[in-house]
Amino acid sequence: MTTPLPKGRSRWITNPSTIAAPLGVLIGVSYVASTLSLPEGTGRWYAGLIVAVVIVFNVSADLWEQTRLKTIRGLGDGTIAPSPATLEQAAREASQAATTTFFLALGAFVVGSGVIAALWYAIAHPPLIVAVRIGLVGLLVGPITAVMANLLVLPRARRVLHELAAAGLSPDALARAVPVQYALRRRLVLYAAVAVLTPMMLVADASLARSNEIFEKVRAQPDVASARAVMEAQKAEGFGALSGLGVVTVFMVVLCGWLSGSVLGDPLNKLGQETERLAKGRYERGRLVVAENEIWAAATAMTAMEAHLLDAVGGAKEASRGIRDAAVELVENGTQQEQGAAEQSAALMATTATTEELARSARQISANAQRVSEIARGTLAAAQGGKASAESFTSAMGEVRGGNQAIADSVVKLNKRVQQVGRIIEFIDGIADKSDLLALNAELEGHKAGDVGQGFGLVAAEMRRLAENVMTSTREIARLIEDIRDATNAAVMATEAGVKATDSGAALAAKVSNSLGDIVEFANLSADAMQSISLATVQQQAGSDQLVAAMEDINRSTRKNVESAKEMASTQTALVTLSKELEEVVDTFGGRS
Amino acid sequence: MASVDGVVLCVVSGARLAVSADQVDAIATAEGPVWDAGVAFGATSDPAGRALQCLGRLIRFDSIDVVATVGLPVLPVPAALVNTAHGALTGFVELSGTLWPLVALDRLLGFLEARSR
Amino acid sequence: MAEGPRGHLVFACGGSLYAVPAERASEVVNLPVLTRVPGAAPHLLGVFAHRGEVLPVIDLARLIGKPVDEIFKRVVLVRVGKGAMAFTATKVIGVAPIEGAPPRLGESGALAFMHGPARVPAGECAAIEPEGLLEYLSRGR
């Protein structure tokens with residue numbers, strides 16, 4: 001962010017010289033008035049000459065100054081574009097403005113008073129000594145006026161230099177534009193000499209001149225009384241102009257002293273403040289105290305130092321931030337690594353256990369495989385035997401089925417015969433029943449016939465018994481037939497079930513036979529496979545034993561790794577703490593880099 | 001031996017009854033107040049059965065058939081049964097080897113009336 | 001009555017033995033299909049025609065109030081002066097003599113016309129007085 005140079009700064013810088021010059025002229029005129037008695041009729045010329053010379057010299061000196069400040073004027077008007085080169089040129093002009101003013105003022109007073117004296121002498125023909133004395137007034141008043149102008153311009157020049165810095169002039173360029181001159185002592189001596197010698201000479205010369213004048217007047221009196229009266233009169237009137245001169249001179253001297261003190265003190269004061277700021281660690285780039293001579297050297301050196309410090313602090317900040325980030329990352333990585341190592345350790349423990357288990361399993365498998373191989377061979381033999389058995393069973397089942405069918409047919413035939421017998425028996429029973437009934441009635445009739453029918457009755461009774469026997473037998477036979485019928489029914493059902501059973505049995509046997517055929521095939525294959533497996537597991541057993549040993553080694557290494565990771569993690573945590581502290585310390589240099 | 005000309009053969013609850021045709025006023029549908037002949041056999045006649053009208057009253061049977069006979073012999077009532085059903089049983093007729101109890105309708109009505117009380 | 005032993009036809013009806021005087025027992029036949037009689041008492045199982053005559057069939061067990069659920073195979077036809085009737089029988093034993101005159105089995109009802117117990121070779125039986133029983137039955141109820 002830059003601020004352009006305000007307009008009219010060239011004129012503003014030199015304005016104090018325009019103020020200082022009339023003051024000097026006033027002092028000179030007062031001196032002349034209090035110490036020299038101008039010849040009658042020359043005062044008009046003298047005053048006119050002063051006015052003319054002051055105007056001419058002031059205008060020409062001003063023009064001179066302005067030509068020495070044309071870059072500043074151009075920047076203010078906008079006719080010159082601000083660039084590093086033009087800004088540097090403007091700085092150079094500003095830094096030389098005070099010196100220029102000094103020499104211009106001094107020169108103008110010395111030459112001006114000489115010109116006035118010469119011209120006045122030529123025109124008004126005063127006594128030569130008076131003209132010379134007037135010509136020497138410039139030598140008396142010029143230095144203090146020049147010093148005053150210089151002291152008044154200096155702060156303004158510094159202000160412009162600051163404004164140029166604000167307009168974008170870099171401190172380096174400023175340092176280049178304003179070369180360091182180690183002339184502080186000389187300057188102080190000059191200030192002191194001018195401030196002390198000018199009033200001293202003025203007062204001394206004025207006093208001498210006044211004394212001389214009074215002496216001449218006294219000497220011109222005829223008697224002592226009149227001489228004393230003249231002296232009293234001179235005493236009463238004569239100190240007026242001289243005292244006025246003294247007041248102006250004292251004012252100028254005091255002003256010079258105050259200005260010189262300010263000119264020297266201000267930058268020192270500012271330097272002090274800047275140093276205090278630096279001491280507090282509040283660094284800022286581009287801060288510059290504009291001054292002259294040794295103070296300027298100190299200021300530029302401090303600015304450069306601050307820039308270096310800021311660079312260093314910036315670097316340190318970046319570095320500490322980097323360290324902190326790196327440390328945090330390290331801690332994270334360390335934590336992850338620790339965690340990873342722990343996990344790895346746990347995983348490896350598990351893996352070791354698994355590997356041991358694997359080795360154990362391998363041995364078991366090897367043993368089992370051999371056993372299974374034997375069993376497979378046994379199975380093969382058994383399956384082959386089973387297949388033969390199943391085939392013979394199938395043929396046997398076929399025979400059984402045939403037998404069953406024959407039985408079923410026979411039973412059905414038997415059932416028919418039994419039913420026929422049953423019908424015959426029923427018929428016989430019916431006859432027997434009728435016979436019984438007939439015999440019963442015969443017996444009854446025989447009884448009714450009395451003695452005659454007795455024999456008949458006996459026969460009838462016998463016949464009844466016969467019929468009853470027959471009926472008993474037929475009932476027995478009927479019961480037997482019923483039993484036979486039940487039995488044959490059961491037999492029919494049993495044989496039917498038997499036929500079905502043999503059918504399904506035959507089918508099953510066929511399936512069994514097929515399955516056993518498959519089993520024989522598979523058993524053959526599995527016996528071969530088991531032999532291969534057995535061989536492979538023996539080899540695997542050796543391998544897994546080696547694996548167990550390797551895993552134990554790895555496990556040991558991992559445990560060490562875990563311990564290292566833990567140590568590293570704690571170290572990294574400490575590192576993070578340290579880096580944070582470092583960053584905080586660096587941050588206390590609250591500069592804006 | 002007594003005989004009968006024309007009989008009405010009635011069936012109720014699987015039991016048979018024969019009535020002399022001249023005792024029957026009409027064969028009607030069993031609607032309105034009827035006397036249930038099933039009561040005589042400890043049963044109930046079909047409500048949708050037919051009825052015999054006699055003396056202005058209706059007696060309901062499961063089914064009714066009329067057989068035209070001439071001089072059909074009437075077998076006498078055994079001594080053990082002479083007072084059966086208030087004397088309504090008057091004899092038996094035999095048709096195609098099947099015995100039918102012959103009843104007097106007016107006495108049967110009296111018997112049914114007494115049973116229903 | 002001081003008479004000699006009289007011949008009786010002995011038959012079983014359920015678990016009890018009965019006897020009728022042989023001269024009153026006209027015939028033994030197989031139980032035929034019966035025709036039910038309107039308004040008849042429970043012991044009168046029905047009637048059947050036999051040799052042009054209608055015969056009532058009497059269940060003696062029901063008559064004395066002890067019904068049985070056995071199948072009656074035969075009926076014993078009994079004829080007295082007033083008429084004829086048939087008694088159900090599960091088995092007809094045969095003709096056997098009964099000595100003397102056993103007392104009546106009851107004072108009223110059907111039992112008043114039965115005498116016993118009477119000794120027969122097959123056991124003890126109730127000797128039926130057919131005339132009185134028919135008279136009793138014909139009174140109706």
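Leaving aside its neighbours within four places in sequence, A:Arg158 is in contact (heavy atoms within 4.5 Å) with A:Ser262, A:Val263, A:Asp266, A:Pro267, A:Val290, A:Ala291 and A:Glu292. Before going on, a word on the ground rules: this is a predicted model, where local features need pLDDT of at least 70 and side-chain atom pairs count only at pLDDT 80 or more, while totals for chains, interfaces and linings use all residues. Residues are numbered from 1 along each chain as its sequence is written, chains are lettered from A and ligands numbered from 1 in the order in which they are written, and side-chain values use heavy atoms, with hydrogens and water left out.

Back to A:Arg158, then. This arginine sits in helix 5 (residues 128–166) of chain A; helices (H or I, at least four residues) and strands (E, at least two) are DSSP runs, numbered from the N terminus. With a relative accessible area of 8%, A:Arg158 is buried. On the scale used here, buried means under 20% relative accessible area, exposed over 50%, and partly exposed in between (1.4 Å probe, protein chains only). The side chain of A:Arg158 also reaches the backbone oxygen of A:Val263, at 2.6 Å.

Zooming out, chain A is split by the domain assignment into domain 1 (9–291) and domain 2 (344–545), with bounds that come from an automatic or database domain assignment. Taken over C-alpha atoms, the centres of domain 1 and domain 2 of chain A are 153 Å apart.

How do the chains meet up? Of the 2 pairs of chains in contact, chains B and C share the most contacts. Chain A and chain B, on the other hand, are joined by no contact, and their closest C-alpha atoms lie 22 Å apart.

Take chains B and C to begin with. Their contact takes 19 residues from chain C and 24 residues from chain B. Together they bury about 1,700 Å², 70% of it on carbon and sulfur atoms; buried area is the accessible area (1.4 Å probe) that two parts lose on being put together, summed over both. In chain C, the residues that lose the most area to chain B are C:Arg36, C:Pro38 and C:Val54, which together make up 37% of what that side buries. The count of salt bridges between chain C and chain B is 0, a salt bridge being a side-chain nitrogen of Lys or Arg within 4 Å of a carboxyl oxygen of Asp or Glu. Strand 4 (44–50), strand 5 (53–58) and helix 2 (130–138) of chain C each supply at least two residues of the side that touches chain B, and strand 4 of chain C gives the most, with 4 residues. That side of chain C divides into 11 nonpolar, 5 polar and 3 charged residues. Here Ala, Val, Leu, Ile, Met, Phe, Trp, Tyr, Cys and Pro count as nonpolar, Asp, Glu, Lys and Arg as charged, and the others, Gly among them, as polar.

Now for chains A and C. Here 17 residues of chain C are in contact with 13 residues of chain A. About 1,100 Å² is buried between chain C and chain A, and carbon and sulfur atoms give 52% of that. On the chain C side, C:Val28, C:Arg74 and C:Val95 lose the most area to chain A, together 39% of what that side buries. The rule finds 4 salt bridges across this interface of chain C and chain A. One of the salt bridges in the model pairs C:Arg74 with A:Asp436, with the closest N and O atoms 2.9 Å apart. Across the interface of chain C and chain A there are also 9 residue pairs in polar contact (both at pLDDT 80 or more). Strand 1 (6–13), strand 3 (25–30) and strand 8 (91–98) of chain C each supply at least two residues of the side that touches chain A. Strand 3 of chain C gives the most to that side, with 6 residues.

Most residues other than glycine have a negative phi, and most peptide bonds are trans. A:His125, though not a glycine, has a positive phi of about 50°. A:His125 lies in the loop between helix 4 (84–124) and helix 5 of chain A, and is exposed, with a relative accessible area of 60%. B:Ala85 has a positive phi too, near 50°, but is buried, with a relative accessible area of 5%. In chain C, a cis peptide bond joins C:Gly116 and C:Pro117, with omega about -5°.

Key: Polar contact = N/O pair within 3.5 Å; in protein donor to acceptor, adjacent residues only side chain to side chain.
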